[in-house]
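Have the model open beside you as you read.

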Amino acid sequence: PYPAFHSLQQHAPVHRTLMPDGHYAWIVTRYEDAVTVLKDQRFIKDFTVFLDEESRAQAHQSIFSRNMLFADPPDHKRLRGLVQQAFTPRMIEELRGRITEIANELIDDMQDRSQIDLIDDFAFPLPIIVICEMLGVPSEDRDKFRTWSNTLVEASNDPEKAEKVQQHMQEFTAYLQEWMTSRQENPQDDMISKLIQAEESGDRLSEQELYGVVSLLIIAGHETTVNLISNGMYALMTHPEQMRKLQEQPGLLRPAIEEMLRFEGPVEFSTDRWASETVELQGQTIQRGEHVLVALDAANRDPEAFEDPDVFDITRGRSKHLAFGKGMHFCLGAPLARVEAEVSLQTLLERFPDLQLSTDASDLEWRPGILMRGLTELPVRLK
Ligand code: HEM
C-alpha cells in the first residue's frame, strides 16, 4: 500500500473515497493530520449518536458495542479505568517470565522440524495463550477461544463470514455468562474475578459492558500481536544486514521492535472516527456525521515526519510512530504487546540463530482487508 499512501500524502492528504462496503470515508495519510484527528475530540467514536432511538438501541445489543474503543467521554474513562490497572508496564513486566516459558514451550514443539509456518506455529498461539492466562480462562478451554478469535479475525477481513460469526458469538457469549457466574461464586486470582468484584463493589461495569471489555481484550490484542511478531520477523529476514546487527547487538532489541511497529505496523487504519460537527482539514470540509479513517501505516512513513521513511533501520532510536494510535484511545495493551514481541524475537533468535525465510519474499501474501496488515503465512527454515 505504501506507494499509494505516498501519492495521497503528496496530492490528496485528506481524501474522500468510496469504501468496499459502498459508503464514503475521508482517508487521512499525513503524520501531522493523523495526530490532529486522533487527538481532536470533535472526531468521535460512538456513531450511534447520529441514529434514531430504535436503531440506537439495536446497535447497542451487539456485545462489542459497549466497550472503550467505541465510547466517548465520559463513558470512555469509566470503561477504560477499571481494566487499565491490570495493564501498567510494571504489572506486565511481571508476566515476562511466564511469557518466556510459553514461547519456549511452543518452540520445543517444533524442535524436530526443519520448516514451520511462523504464524500458525508460533505468532498465532502465543498471544492467545497469554491473554487467556491473564483473564483466567482454563487451559482446556483455550482452543475454543482460539476458534472464536480466529472467526472474528477472518470476519473483519471478509463480510461474507457474518453467519459463522453470529454462531460463534452466541457460543462465546454463552461461555462468558457461565464462566462469569462461576467466578462470581468462586473468585480466583485472575483478571475476570477482579473485574467482576469491582462491579459488585457498587462500581461501574454492567454485565453487557463486562462482555464488551473481555471480547475487546481478546480481539484487539490478538491479530495485532500476531502481526507484530510476524511482520517484524518478516522485516528482519528480508533485511539480513539488520538481522545481523541485532544478533551482534542484542541491546538493539527494543528499538528494533519500535522500528518494526513503524515500518510494517500491524494496524493499517485506525478504527472509525465520525465528525461531530463540521471540521476543516487541509482545505477540505468534513461535514457532521461523515466518516474519517486515519491511515496509521501511511503516517508512519510520512517523509515529513521520518527521514528515509521507506528504509528499515533498527538503529533509529526513539520513535514517535503511531502504530498504537494516539490520544485518549492510545492502545491499552501496548506494554503487553511490546513484552510479547521482545520475548518472541529474543527466544526465536536465540534458539534458531540461522532462521530464514524458506520461500521467495515475493511469494508471500498479505491478508485481504484494509484494517490490519498481516501475512497469510510465513514459511521459515529453522536450521
Ligand atoms: C487500541 C494497536 C495490542 C488492547 C488500539 C489502537 C491501536 C492499537 C492503533 C487505537 C485504535 C484507534 O484509536 O482507532 C495495537 C497494536 C498491538 C496491540 C499494533 C500489537 C502490536 C493490544 C493488546 C491489547 C490491546 C495486546 C490487550 C490485550 C487495546 C484496547 C484498545 C486498543 C483495549 C482500546 C483503547 C481505548 O479505546 O481506550 N490498539 N494494539 N491492544 N488496544 Fe491495542
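In this predicted model, 5 strands make up an open sheet with mixed pairing, in the order E1-E2-E8-E5-E3. Which strands stand at the edges? They are E1 and strand E3 (43–44); each has a single partner strand, so one side of each is left without a neighbour in the sheet. As background, strands of a sheet pair through backbone hydrogen bonds, either parallel or antiparallel.

| Strands | Residues | Sense | Bridges | A bridge pair |
|---|---|---|---|---|
| E1 and E2 | 14–18 and 24–28 | antiparallel | 5 bridges | Leu18 with Tyr24 |
| E5 and E8 | 273–275 and 291–294 | antiparallel | 2 bridges | Trp274 with His291 |

Now let us turn to the surface. Which residues gather in a patch of negative charge there? The patch brings together Asp120, Asp360, Asp363, Glu365 and Glu377. One of these, Asp360, lies in the loop that runs between strand E9 (356–357) and strand E10 (379–381). Why does Asp360 count as partly exposed? The reason is its relative accessibility of 49%, because the exposed class begins only over 50%.

Methods: Residues are numbered from 1 along each chain as its sequence is written. This is a predicted model: local features need pLDDT of at least 70, side-chain atom pairs count only at pLDDT 80 or more; totals for chains, interfaces and linings use all residues. Side-chain values use heavy atoms; hydrogens and water are left out. Patches are made of residues with over 30% relative accessible area and no salt bridge: like charges are joined within 9 Å, nonpolar side chains (Val, Leu, Ile, Met, Phe, Trp, Tyr) within 5 Å. Accessible areas come from the Shrake-Rupley method with a 1.4 Å probe; for residues, only the protein chains shown count as cover. A salt bridge is a side-chain nitrogen of Lys or Arg within 4 Å of a carboxyl oxygen of Asp or Glu. Lys and Arg count as positive and Asp and Glu as negative; His and the chain ends are not counted. The place of a charge is taken as NZ of Lys, CZ of Arg, CG of Asp or CD of Glu. Helices (H or I, at least four residues) and strands (E, at least two) are DSSP runs, numbered from the N terminus. Buried means under 20% relative accessible area, exposed over 50%, partly exposed in between (1.4 Å probe, protein chains only). Two strands pair if DSSP finds at least two bridges between them.
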